[in-house]
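Let's take a walk through a protein fold together. Have a look at the picture first, and then we'll go through it piece by piece.

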Amino acid sequence: MTSLLHLDSSANTSGESVSRQLTASFADTWRDLHGSDGYRYRDLVADPVPPLDTAYCTLGRRLGQHGLVPPAEVAALLESPAEEQQWALTYPLVTELLAAETVLIGAPMYNYSVPASLKAWIDRVTFPGAYTDPDTGDSLLRETSVVVITPRGGTYGQGTPREAWDFHTPYLRTYLRGLGVSEENLCFVSAELTLSGLVPHLGHLQPLAARSLAEARVRVAALCGGGATERWPARGRTAAPSPSTTR
């Protein structure tokens, strides 16, 4: 069955959230094409992932001493009720990530990096051995497609004054590649200057922001198969406005 794991991490749960608008558009198109049976939604703000604690770290270190332990074998190595509780919080997140053919992540830029809600999910699902094939050593996520929606209040593209301030997209790309997601299966869709309608000194950039958002909407529809110009798996590029036009 074709499957989609949809994650939202914007602290703004209203209809004003650009990341939630764009992920919802992707998910709606995906369900129109594939039905709802393979769709899994997780709102990391409404249902936050608990932060790590000592028991999680202790269990992780013990598993590291045993090599790469598959998730199905972790339960046999639990040594305390606290570890059992931490694994009970972790295992469902790991299994639903492994089960997804496509992962859709709404990840707005907060303070030059990712939202705390998304970081909590990242920390918990990154468990020793969870994504490594014990027989081959290959990543179990090498065939997983990942779409990351990355709105930003300002502009951080190549050649802009704040290019070096972007610890957001480079971090997510490095993290996902580190899990074993193939570069050709990884796509970032950016909408820039989303605060131009609110911040006075960015007001003159509203037409560029509108164009950036429109281009993001078109790209999202195309990636999911709802557009005529591009269909998955035409991936591996960062979809963002060029510095000379909309940044």
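To talk about how two helices cross, we need axes: these are lines fitted to C-alpha atoms, for helices over the stretch in contact, with angles running from 0 to 180 degrees between N-to-C directions. Helices (H or I, at least four residues) and strands (E, at least two) are DSSP runs, numbered from the N terminus. Keep in mind that this is a predicted model, where local features need pLDDT of at least 70, side-chain atom pairs count only at pLDDT 80 or more, and totals for chains, interfaces and linings use all residues. Residues are numbered from 1 along each chain as its sequence is written, and side-chain values use heavy atoms, leaving out hydrogens and water.

Now, the overall layout. The protein chain has six helices and six strands, and from the N terminus on they run β-α-β-α-α-β-α-β-α-β-α-β. Of its 247 residues, 49% are buried, where buried means under 20% relative accessible area, exposed over 50%, and partly exposed in between (1.4 Å probe, protein chains only).

How do helix 2 and helix 3 sit against each other? Their axes come within 8 Å and cross at roughly 85 degrees. Helix 2 and helix 3 are therefore roughly perpendicular, a label for angles of 65 to 115 degrees. In contact terms (heavy atoms within 4.5 Å), Ala55, Tyr56, Thr58, Leu59 and Arg62 of helix 2 meet Ala82, Glu83, Gln86, Trp87 and Thr90 of helix 3.

Next, head inside. A nonpolar core is a set of buried Ala, Val, Leu, Ile, Met, Phe, Trp, Tyr and Cys residues joined through side-chain atoms within 4.5 Å. The largest one here has 38 residues, and Leu118, Trp121 and Val148 have the most contacts inside it. Helix 4 gives the largest share of this core, five residues. Leaving aside neighbours within four places in sequence, Trp121 touches Leu7, Leu44, Val49, Leu93 and Leu97. Apart from this core lies another, of 16 residues, including Phe26 and Val220.

Ala46 is exposed because its relative accessible area is 62%. Ala46 and Ser9 are 37 residues apart in sequence, but 9.1 Å apart in space, C-alpha to C-alpha.

Finally, the cysteines. Cys187 counts as buried because its relative accessibility is 0%, while Cys57, at 36%, counts as partly exposed. How many disulfides (pairs of cysteine sulfur atoms within 2.5 Å) does a search of the whole structure find? The search finds zero.

How values were computed. Disulfide = S-S within 2.5 Å. Parallel < 35°, antiparallel > 145°, perpendicular 65-115°, else oblique.
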